[in-house]
Amino acid sequence: QGRFTCCHLGHMLGEGADAEAIPCDRVRIRSVLMELIAAKVQHLESTRQLTKMRWLLCSQQRLLQGLPMSGAEEPDDARIQPASEPPAMRLRRILRWTPRDQSTVASSGRSLVLYAALSNDL
């Protein structure tokens with residue numbers, strides 16, 4: 001979590017009667033980071049860099065930690081998990097996990113359990 005000038009100033013610019021309220025930059029920064037992460041995930045998937053894509057997807061929660069959501073934004077789980085979808089199926093879908101990926105777990109060390117732990121979704 002960074003130190004933001006807007007928060008340090010108590011979200012007020014100026015002093016006394018001339019003081020003006022300013023919005024918190026944390027919400028805007030979260031929005032920008034989410035767009036950047038989504039673009040990077042799309043690029044990594046389109047260039048078949050699936051291991052990097054999976055690490056980034058699973059690290060997203062940590063990258064956005066401490067940055068509040070805007071009122072219009074849905075929680076991450078609401079966007080990616082239908083209520084009836086079991087967690088393991090959801091993780092397979094999000095990570096674009098295939099039977100071939102499962103067959104390489106022993107040699108690569110990269111398993112669904114590893115990615116679940118990385119994303120704090122055990």
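R28 and D25 stand three residues apart in helix α2 (residues 25–46), which means that about one helical turn separates them. Helices here (H or I, at least four residues) and strands (E, at least two) are DSSP runs, numbered from the N terminus. The two residues form a salt bridge in which the closest N and O atoms are 2.7 Å apart. The term salt bridge denotes a side-chain nitrogen of Lys or Arg within 4 Å of a carboxyl oxygen of Asp or Glu.

The structure is a predicted model, in which local features need pLDDT of at least 70 and side-chain atom pairs count only at pLDDT 80 or more, while totals for chains, interfaces and linings use all residues. Residues are numbered from 1 along each chain as its sequence is written, and side-chain values use heavy atoms, with hydrogens and water left out.

**Salt bridges**

By the rule stated above, the count comes to four salt bridges.

| Pair | N to O distance |
|---|---|
| R96 and E45 | 3.0 Å |
| R54 and D101 | 2.7 Å |

The side chains of R96 and E45 meet in a salt bridge. This pair links distant parts of the chain, since R96 is in the loop between α5 (87–95) and α6 (99–103), E45 is in helix α2, and the two are 51 residues apart.

R54 and D101 also meet through their side chains in a salt bridge. R54 belongs to helix α3 (residues 50–63) and D101 to helix α6, so the pair ties together parts that are 47 residues apart in sequence.

**Exposure of the paired residues**

Exposure is described by relative accessible area: buried means under 20%, exposed over 50%, and partly exposed in between (1.4 Å probe, protein chains only). R28, with a relative accessible area of 48%, is partly exposed, and D25 is partly exposed at 28%. For the second pair, R96 is partly exposed at 34% and E45 is partly exposed at 27%.

**Positive phi angles**

Which phi value does R96 have, although it is not a glycine? Its phi is positive, at about 55°. This residue lies in the loop between α5 and α6.

R48, likewise a residue other than glycine, has a positive phi near 60°. R48 is found in the loop between α2 and α3, and it is exposed, with a relative accessible area of 63%.
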